[in-house]
Structure formats: structure tokens, C-alpha cells
Amino acid sequence: APHNLPQFRPAAPGQPETEFDKSLAAVWSRIGATEEGVVHNVNNKILIEGCERLGYPVKATGQNFRHTGEPSAGWSCFGDRHGNKQGGVVTYLKDAAAQGAKFIERCVATRLLFEEPHARGCRRR
């Protein structure tokens, strides 16, 4: 369903990139997301085949793996002990730790504190 949040709409074809497009490209770049070399598991292969038989368009979505062809890539929903999945824990949190961020386990943030344009802290319980 269409939404009323213009800041989250991608640019129309032929139009200049929006801030959303630029932000999405930056995230994809940092987590290494790509549509190239995706190897589908059996479930996805069956779904793709069914869609193609029915004439529905099919396109691989980007995946954030260091190696999209690894056998573990199709099963990351069960965890990733090999570190192939490049999610927030191994990208953004690792970056934050390298910059000196402190992490508090089992903390519930109740309010983010901003000094525009950056978050500077949070209130917690």
C-alpha cells in the first residue's frame, strides 16, 4: 500500500537520486549487499520455478554475505557461526566499537538524545 512518507520514496526513473537512494546505497555498500552470485536454497528454487511457470516476474534480492555462493548462505536464518552474513553486528556495531562506543547489555533505551544532525546519547531504564 502506498505511504505518505516522501523521504522514504526512491527517485522516479530518470529523476535525480533522493536522500533515501543515497542512504540505501551507503547501507548496501557497508554490509556488502549484492544481487550477483546469489545461490538459492531448495525452497527458493521451488518458489522461483512456480513464479516463472505462472508468468510472474522473478528477481533475486540483494544478500549481504561475504561469499554469496557459500552453502551456509542459504541457511543463515538459523544463525551464522562462520561470519559470512554481514549484518549489523559484524558491520555497524564493529565500526562503533572501533570508534570507542560502549555497549550495555539488557538495557532499554527510553529516549534518544540528538544534537543535530547526530544522535549523542540516550536515556535508559
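Analyst: One term before anything else: buried means under 20% relative accessible area, exposed means over 50%, and partly exposed is in between, with a 1.4 Å probe and protein chains only. Keep in mind that this is a predicted model, where local features need pLDDT of at least 70, side-chain atom pairs count only at pLDDT 80 or more, and totals for chains, interfaces and linings use all residues. Residues are numbered from 1 along each chain as its sequence is written, and side-chain values use heavy atoms, with hydrogens and water left out.

Now the hairpin. Strand S1 (residues 109–115) and strand S2 (residues 118–124) run antiparallel, with 6 bridges joining them. Strands here are DSSP runs (E, at least two residues), helices are runs of H or I with at least four, and both are numbered from the N terminus. Two strands pair if DSSP finds at least two bridges between them. Across the pairing, Ala109 sits opposite Arg124 of S2. The link from S1 to S2 is a hairpin through 2 residues. Pro117 belongs to that loop between S1 and S2, and the peptide bond joining Glu116 and Pro117 is cis, with omega at about 5°.

What about the cysteines around here? The structure holds 0 disulfides, a disulfide being a pair of cysteine sulfur atoms within 2.5 Å. For Cys107, the nearest cysteine sulfur is that of Cys122, 5.6 Å away. Cys107 is partly exposed at 28%, and Cys122 is partly exposed too, at 40%.

Stepping back, the chain has 3 helices and 2 strands, and from the N terminus the order is α-α-α-β-β. The radius of gyration of the chain is 19 Å, well over the 14 Å that the globule rule gives for 125 residues, so the chain is more spread out than a compact globule. That radius is taken over C-alpha atoms, and the rule is 2.2 Å times the number of residues to the power 0.38. Buried residues come to 13% of the 125 in the chain.

From first C-alpha to last, H2 reaches 18 Å, close to the 18 Å expected at 1.5 Å a residue; the expected span is 1.5 Å times one less than the number of residues. Asn41 caps the N-terminal end, a side-chain oxygen lying 3.3 Å from the backbone nitrogen of Asn43. Such a polar contact is a pair of N or O atoms within 3.5 Å; within protein, one must be able to donate a hydrogen and the other to accept it, and residues adjacent in sequence count only if both atoms are side-chain atoms. Just after H2, Gly55 takes a positive phi of about 85°.

Finally, Thr91, in the loop between H2 and helix H3 (92–98), is buried at 0%. Leaving out residues up to four places away in sequence, Thr91 touches Arg30, Ile31 and Gln86, where contact means heavy atoms within 4.5 Å.
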